[in-house]
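The stops below go from the whole chain to single residues.

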Amino acid sequence: MAVSYKKLWKLLIDKDMMKKDLRAMTGVSTTTMSRLSKDENVSTEIVSKICSVLNCDVGDIMEFVPDKKEEP
């Protein structure tokens with residue numbers, strides 16, 4: 001299973017926020033923001049900070065999606 005943060009980006013749009021705003025509010029690094037943009041794994045601490053700042057639940061910012069594998 002792979003992780004997707006599409007819900008996070010949609011939530012930021014709904015709240016009229018930019019990625020740099022989220023970064024400033026959470027204190028996460030540019031590297032972490034890059035990892036989120038690439039749908040790469042980040043620590044639960046980072047997810048917790050984001051949820052706290054946006055006043056939302058984990059399921060509101062991320063979801064697990066099936067891996068894209070080639071069929072045999």
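How far apart are the mean positions of the positive and negative charges of the protein chain? This is a predicted model, and in it the 12 positive and 12 negative charges have mean positions 5 Å apart.

**Whole chain**

Show the C-alpha trace first. Along its principal axes the trace spans about 45 × 25 × 20 Å. Now switch to a cartoon: the protein chain has four helices and two strands, in the order β-α-α-α-α-β from the N terminus.

Next, colour by burial. Of the 72 residues, 32% are buried.

**Helix 3**

Select residues 30–37, which form helix 3, and show the side chains of T32, M33 and L36, which are buried. Look down the axis of helix 3: the buried residues fall within an arc of 100 degrees, so they line one face of the helix. The general rule is that an α-helix has 3.6 residues a turn, so residues three or four places apart point the same way.

**T32**

Stay in helix 3 and centre on T32. Its relative accessible area is 14%, and T32 counts as buried because the cut-off is under 20%. Leaving aside residues up to four places away in sequence, T32 touches V42 and I46.

**After the helix**

Move on to D39, which follows helix 3. Check the backbone here: the phi of D39 is positive, near 55 degrees.

**The salt bridge**

How many salt bridges does the structure hold? There is one. Select R35 and E40 to see the pair; their closest N and O atoms are 3.3 Å apart. In general, side chains of opposite charge can pair when their charged atoms come close.

Conventions. Residues numbered from 1 in each chain as written. Predicted model: local features only at pLDDT ≥ 70, side-chain atom pairs only at ≥ 80, totals over all residues. Heavy atoms only, no water. Buried < 20%, exposed > 50% of the residue type's maximum accessible area, 1.4 Å probe, protein only. Lys, Arg positive; Asp, Glu negative; His and termini not counted. Charge placed at Lys NZ, Arg CZ, Asp CG, Glu CD. Arc of directions from axis to C-beta. Salt bridge = Lys/Arg side-chain N within 4 Å of Asp/Glu carboxyl O. Contact = heavy atoms within 4.5 Å.
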